[in-house]
Amino acid sequence: HQHMSTPAVAARSVGTRVLRSEDPRLLTGRGEFIADIDLPRQLHVAFVRSPVAHARITNIDLSAIRDADGVALAWSGKDVAAFCEGLVGEMAVEGCVPTTMPLLAGDEVLYVGEPVAVVVAESRYAAEDACELIDWDFEELPAVINMDAAAAGGPVANPQLPDNLGLNGGASFGDVSAAFDQAAQIVEGRFYTCRVSAAPMETRGVIADYEWASKTLRLWSNTQMPHYLKYMLTAYLGFPEQSVEVITPDTGGGFGMKAHVYPEEMLLPLLAREVGRPVKWIEDRRENLIAGAHAHEQYVDIAYALDAEGKITGVRTHALGDGGAYHMPPWSMAVEPWCAVVMTPTGIYDVPAAEYTYKAAATNKTPVGAYRGVGYMAGTFARECLADDAARALGMSPFDFRRHNVVREFPWTNPQGIVYQEGSWRQTIDALEEMVDYPAFLHRQAQLREQGRYIGLGLSCFVESSGESSATSLEHGLGDVYHDTATVRLNPNGTANVTIGLSAQGQGLATTMAQMAADTLGIKVEDVSVQTARSTDHAYGSGTIGSRGAVVAGGAVARAADVVREKVRQVAAHMLEAATDDIELVDGLASVKGVSDASVSIADVATAIYFDLDSWPKDFEPSLEATQAYDPSQAMFSNGGHAILVELEAETGFVRFEKIYSVEDCGTVINPNIVEGQIRGGVLQGIGASVFEELAYDESGQILTTTFLDYGLPTMDVAPPFEIHHLETPSSHSASGVKGMGESGLIAAPAAVLNAVNDALSPFGVVLRDLPLTPEKVLDAMSVATTA
Ligand code: MCN
Ligand code: SMO
């Protein structure tokens, strides 16, 4: 794998709290989201969705829909199968069985919410009204709703997976059996992360416009993967790739849900071509909760073998994920349980032997896909909660148990062969212990208990794979190829325009990429304007996923800016009659190192390159625009931890969050404001997934949580104050030493929440292991012991 070097530049803007350039526009309502865009002559799309979990369609008649006022077209599965049989979903790992997900259901519907028919009409009202006129008959089939039942050979959820398993495999590294045979003690548990939704503020949305004369397709989609979507439109539907443009305007959150290619996105181009007019679909909230990818539902069984000193000598994990009815491309139902056991079981601990198995069960529920920290959250939850169980079993403090087992020397290779180059794993434990003032906490906890008040402190440490790259993928046993490009242009007045291949969903990439470019070019950050992927006609990107923006887009920006910087240095050297090697670019000036009055402004150099032939050195090639690619040469891991302080309300069982302490080490921090915002948002999502949120189904497979009245997102009134501490262990491989961190909050917070609740419950002798920690469960736990 090619090593792509990145320039070493002095940090000026990097590391500072530059205000987000996106915010004035977004916060004053000047953003442009899909719903804001209307094309001339556009028609509107609505879907008929399955009202039952599993049925055979015996008859479907759309004639009444087609006759309705304002309807231009209606299609069922049969109509669309002529164009596309469906989307193949799989993952290139041992034991993954692919499925094909039709764009509209064929003979069977497999989950409530599955699209059955699509209607195009003059208005959304007309389209929705016409949907009511569908005439269809179906025979209900037995539905399998519970993953244990599915994996045990219950009713078949999807005929393509006769044993209900979309994934089944495992591996073993080191002498695990010996570790368990010789263990002084074994601690183990089964941990459950419930089914949740990423619930982005903006739902999904698509507009398709096909121009038949030139055969061009323009597709507006708030996807996290515009270039992949473009590729899929060609591969599956045959649109000529050179004439397809995917346009991604402002996006109100994606969090993984928008990192899939959905049937709806693939249907709209076909519809636009068929009706000869632009078509638009904006998902409503009910659809989003029913048919946007669901997430995180799995059991992780985990066991540690402990020696007489309390050292972990082996770990066994088994994940069973509830995958829903289909693999959803490209992150299949396999990704959640696979990541949980392959990416996380050793964490920060010096464990010499590891064994894992993974299964994904198909059920008659919405397909499960990616959501921030996919697999990492469930795996970290199991590992870190078991660490607290182990600490309790050994009579050690949760800090001491972790410090006792933490990896101390880098680079460290885990039993699977994954190499961790550097990290502040031990320092994180120390920093958290100091931040919470543990002795003072223990004192306060004891005092409050005497008054019948129950507070608890929970700890969770994480290692996060970041900067998703070809190298990361290889290291984890996959062969996915990634690379991104960025274009940097220096203008005649010394300002710069940067285009990256990643669309942003709220991460602030326009600001941080401006910081990276500014430092490399030696100009002010406010003089750099960044366009995140708005159109696939510009820079290429493999998708805003796997916390790769800072590392990968940042690396591409630095590399492209470096090419431009060299041009500026050459011309400045010529103008100043010095050697190019002696020219440095800082604070808007090109100066000769060590000669205080020998300088020229970068703006003057740029103007000269555009307009003054005399200032060029011999054989100078004048472009001040460069495009460069980047794909890191090594996997890159950030780390950190959270300590969460809760109080259980004895009357209501409500978990009240008092304070969050976070330690984050993502190498060189580009922008502390943005990193802290990512931590706050991610931890809040973790609090939601731990206490408030659950997508609930009844036994027949009806989904019960279809509005925000039933699906409880955390709101600001439950958000506690944060104290955030940065450690900076730079990567030696990325531009400026940056590592990614966009998922860490959600990856690690749920474990800290459960550990905090269990700490508060310790006088009752009850240990909880299943999310969400509803008031009922907590009250139950508090009453079991008091009435016993
Ligand atoms: N950053 C930084 N210094 C670092 C590392 C990161 O200043 N050392 C900044 C980055 O420049 C970027 C932000 O922090 O502005 C997150 O960076 P990174 O970790 O590289 O993550 P990505 O940019 O690749 O974003 C994807 C990541 C993922 S995978 C999910 S899921 C998620 C997340 O980001 N979805 C989000 N955070 C989100 N935040 C918002 N608002 N909306 C989403 O949909
Ligand atoms: S779940 Mo993030 O889009 O990798």
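Helices (H or I, at least four residues) and strands (E, at least two) are DSSP runs, numbered from the N terminus. In these terms, proline 330 sits in the loop between β18 (312-324) and α10 (335-342). This is a predicted model: local features need pLDDT of at least 70, side-chain atom pairs count only at pLDDT 80 or more, and totals for chains, interfaces and linings use all residues. Residues are numbered from 1 along each chain as its sequence is written, while chains are lettered from A and ligands numbered from 1 in the order in which they are written.

**Backbone geometry**

- Most residues other than glycine have a negative phi, and most peptide bonds are trans.
- The peptide bond from proline 329 to proline 330 is cis, and its omega is near -10°.
- A cis peptide bond also runs from phenylalanine 410 to proline 411, with omega near -5°. Proline 411 belongs to the loop between α12 (398-405) and β20 (412-413).
- Phenylalanine 255 has a positive phi, near 55°. Its loop lies between β14 (244-247) and α8 (263-275).
- Phenylalanine 255 counts as buried because it has 25 C-beta neighbours inside 10 Å. A residue is buried if 20 or more other C-beta atoms lie within 10 Å of its own, exposed if 12 or fewer, and partly exposed in between; C-beta atoms are placed from the backbone.
- Serine 736 has a positive phi too, near 60°. It is placed in the loop between β32 (722-726) and α20 (744-761). With 27 C-beta neighbours inside 10 Å, serine 736 counts as buried.

- In soluble globular proteins, nonpolar side chains tend to be buried together.
- Alanine 517 touches Val488, Ala496, Val498, Val528, Val557 and Ala561, leaving out residues up to four places away in sequence. Contact means C-beta atoms, placed from the backbone, within 7 Å.

**Ligand 1**

- The shell around ligand 1 holds 35 residues, and Gly506, Thr512, Gly549, Ile670 and Gly742 come nearest. A residue is near a molecule or strand if its C-beta atom, placed from the backbone, lies within 6 Å of it.
- Two or more shell residues come from each of α16 (509-521), α17 and α19 (672-692). The most come from α19, with four residues.
- The shell divides into eleven nonpolar, 20 polar and four charged residues. Here Ala, Val, Leu, Ile, Met, Phe, Trp, Tyr, Cys and Pro count as nonpolar, Asp, Glu, Lys and Arg as charged, and the others, Gly among them, as polar.
- Ligand 1 lies between domain 1 (23-31 + 483-630) and domain 3 (294-471 + 633-787), because both give residues to its shell. Domain bounds come from an automatic or database domain assignment.

**Helix faces**

- In α12, the buried residues are Pro398, Phe401, Arg402 and Asn405. They cover an arc of only 95° around the axis, so they are on the same side of α12. The arc is that of the directions from the helix axis to the C-beta atoms.
- The buried residues of α12 pack against β18, α11 (376-394), α13 (425-436), β22 (454-466) and α20.
- In helix α4 (residues 124-131), Ala126, Ala127, Ala130 and Cys131 are the buried residues. Their arc of only 140° around the axis puts them on the same side of α4.
- The buried residues of α4 pack against β1 (43-49), α2 (63-67), β3 (71-76) and β7 (115-121).

Technical notes
Contact = placed C-beta atoms within 7 Å.
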